[in-house]
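Visitor: Could you take me through one part of this model in detail? I would like to look closely at a pair of strands and the sheet around them.

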Amino acid sequence: MIRTLFCALALTLLSMGNAAAEQKQSVGTFDIHYVALGSTFITPSIAKTYGIKRSSYTGLINISVLDTSAEGNPAIPVEISGIANNLLDARVELTFKEIREGEAIYYIAEVPYRDDQEINFQIAIKYGNKLNTQLKFKQKFYVD
């Protein structure tokens, strides 16, 4: 099951084209990869394996942090927390779950949404005294 979730998300993103491409933010020697998409884009078996709720009204946030100063750009374990809020400023505390598959490390969180709703994300990411940053992005969700 090495990189099962990553592969599932990568295939999903490829099939969606530019609609919801993976994004990256570089901070010092770290690359922060993130993506937000509807949870129905992952298969029922992947959702069951990782305890993800598949729903037309649930979004999935996936974040991984790579150390570009080390050979092979390994994934690193981070402290992560965040909030999501819509344009009416209804806030949801994000609860991230760490997933390890071989050498890969991912952090996933679920967020509720309504059709045609834009969600603002503010994610705090910390790795000892080497990384302490805020990741901010927006994603528009649609009910399928």
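Guide: Happy to! Strand β4 (residues 79–86) and strand β8 (residues 117–127) run antiparallel and are joined by 8 bridges. Strands here are DSSP runs (E, at least two residues), numbered from the N terminus, and two strands pair if DSSP finds at least two bridges between them. Within this pair, I83 stands opposite Q122 in β8.

A word on the source: this is a predicted model, where local features need pLDDT of at least 70, side-chain atom pairs count only at pLDDT 80 or more, and totals for chains, interfaces and linings use all residues. Residues are numbered from 1 along each chain as its sequence is written, and side-chain values use heavy atoms, with hydrogens and water left out.

Now step back to the sheet. It is open, with 4 strands in the order β5-β4-β8-β9 and antiparallel pairing. The edges belong to β5 (91–94) and β9 (131–141); each has a single partner strand, so one side of each lacks a neighbour in the sheet. From one strand to the next, the twist averages 15°, taken between lines fitted to C-alpha atoms, with angles from 0 to 180 degrees between N-to-C directions.

Back in β8, have a look at Q117. Q117 counts as buried because its relative accessibility is 16% (buried is under 20%, exposed over 50%, partly exposed in between, with a 1.4 Å probe and protein chains only). Leaving aside residues up to four places away in sequence, Q117 touches N86, P112, Q139, K140 and F141, contact being heavy atoms within 4.5 Å. Its side chain also reaches the backbone nitrogen of R114 at 2.8 Å.

Key
A polar contact is a pair of N or O atoms within 3.5 Å; within protein, one must be able to donate a hydrogen and the other to accept it, and residues adjacent in sequence count only if both atoms are side-chain atoms.
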